[in-house]
Each structure stands twice: as C-alpha cells, then as structure tokens.
Amino acid sequence: MPWVLALDSDEELETASLLEYAWVLDQPEIGGVEVEIRSIASLQDRQTLIQLHWYPRLFRSGPTIRYIGRVHEQIRPALEARGWQVVRMPIVIWHYGYAGRQACEKARRNAELLRYELARSPGDMWLQYHLGMTLFTAGEKEEALRVLSSCCWSSELSPEQRAWARIRAAQSALALSRLAEVEKLLMMPIPEPALEGLRRFILAATFLQQQRFEQALTLLDSPVVLNSPLVEAERVQGFIRQLYGIVQSLSQQ
C-alpha cells in the first residue's frame, strides 16, 4: 500500500533524515512512523527551539485509515486497528507555526475547538493535555496551569506528554509567581535529557526569585542544562557567571 506524509503548511520535512530511514517503509508489519517534530520560535533575529514531540505523520493509506478529532487529529488508532505497528524513527519535521505573529490567534482558535471536543468527551486526558498545551501557547497562563496540573500525572498520557505537561504547567506557575507550585511540579527529574535540562533551568529561575543562589547555580552549572537544545546556552552561561559572583560575594561577608 502507498505511504502518506502529512505536513501542515507551516512545516518543512528534513529530507535527508527521511532518506536515511526510508528502509522502514519496506517493512510489511509497519503501518505508521512517529517522526520528531521540532517547533521553533523567532526571538528577534534568532530562531529558538521551544518544543520537541513525536507524532505519526508517515503512514500507509487504506480505505479504513482515517483521522479522528477536530484538532490534533489522531491516526494511530486506525493504523493499530488495521493490525499495523507504529514505530518511532528519527525523521525530522520542522514546525514554524510559533514563529509568526499569528501564533496566539491560531492557538486561541484551536483552544476553542478542543474545548468543544472536551465537552463531548469529558475526562479525556489526551484532549485535556492538548488543550492545556494550546492555552500555554495562547498566553492563557492561569487556565493552562489549571488544565495541565490536572492531567500531568495521568497514566493515560505517555511519559513524554506527562513531562511536557509538567514543564508547561510549571512555566505558567512561574509567570504567575506561584513559586511553590513550580517546585511541586518539577520535584521529579525527567529521564529525557533535553527536557531534564529545561526542567532544571525553570527550577533554577524559581530559586533565583527566592534568592536561593547556590541552589540555582548547582542546577544551572551542569552539562544536561548547557547541552539541552531547549535552553539558550548563552543565556545560561550569563546566569552562571553572575551567580558565581553573587555566591563568592556572599561567602566573603
């Protein structure tokens, strides 16, 4: 059966990564491939990676293969119902939807669609997760915190989704100066190195607001933070230099 590659208008395939792993398309038991979607945002003249997630965008077509849902549509259930495996491969799609001025407007539109779906399926953790993530993108920090906090430990979500829910809920709490909630959300490490680096960075920012300088320095001055693609290395190094000066000055008093 032929394969479909699903791309949104604000996305771009990294062709070399597809060619490198094209052999997977010849495996008869495989019907779908989760690819790595890298979302970026523009900060003045720079581009910063703000999120990584995996999603089945490469899949076999067939008469029973249909998406479900109005937004963040799912194809996996149809593939698995057909008896096919869905595997994860390091094929990369770049997503530029957060880089333009219309990102918040798009997120607000998607949030309304997700609220509608959630009203029809209350308790659906997958919908709740995507609503919370969308609200975060839209800048609705109070509601994002409420929605994500209620699903970030759910076993119905994947470990990756639970980690992102904790991260975005903590960032929302930090923006609202609810520092105790940030610490509660980020108390447990995250196995995935890139997300663990971001977790430590957010927690360090919380400690800085509380003038817990040594604890902040310990979190920031580590390879897992400096090597995380989700954290600006130059910004971290600037914080580290400042913190070393503060800690040294305090120790001499």
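Q: Leaving aside neighbours within four places in sequence, which residues is Ile202 in contact with?
A: This is a predicted model, and in it Ile202 is in contact with Ile167, Ala170, Gln171, Leu174, Val182 and Leu186, once neighbours within four places in sequence are left aside.

Q: And what about the largest nonpolar core, how many residues has it?
A: The largest nonpolar core has 44 residues, and Ile202 is among those with the most contacts inside it, together with Tyr129, Trp164, Ile167, Leu220 and Leu230. At least two residues of this core come from each of S4, H4, helix H5 (141–149), H6, helix H7 (179–185), H8, helix H9 (213–220) and H11. Another core, of 23 residues, lies apart from it and includes Val24, Leu58, Leu135 and Val147.

Q: Changing topic, how much space lies in the second largest pocket?
A: The second largest pocket holds about 760 Å³ of space. Its lining is made up of 29 residues, of which Ile50, Phe136, Arg168, Gln171 and Arg235 are the closest to its centre.

Q: Which element gives the largest share of that lining?
A: That is H8, from which six residues of the lining come. By type, the lining residues divide into 20 nonpolar, five polar and four charged.

Q: Staying with that helix, is Glu196 buried or exposed?
A: Glu196, which has its place in helix H8 (residues 193–209), counts as buried because its relative accessible area is 6%, where buried means under 20%. Leaving aside neighbours within four places in sequence, Glu196 is in contact with Pro189, Ile190 and Val224.

Notes
Residues numbered from 1 in each chain as written. Predicted model: local features only at pLDDT ≥ 70, side-chain atom pairs only at ≥ 80, totals over all residues. Heavy atoms only, no water. Helix = DSSP H or I, 4+ residues; strand = E, 2+ residues; numbered from the N terminus. Buried < 20%, exposed > 50% of the residue type's maximum accessible area, 1.4 Å probe, protein only. Contact = heavy atoms within 4.5 Å. 1 Å grid on protein atoms, 1.4 Å probe; cavity = no way out; pocket = protein on both sides within 12 Å on 5 of 7 lines; lining within 4 Å. Points joined across faces, edges and corners; volume = space filled by probe spheres on them. Nonpolar A, V, L, I, M, F, W, Y, C, P; charged D, E, K, R; others polar. Core = buried A, V, L, I, M, F, W, Y, C linked by side-chain atoms within 4.5 Å.
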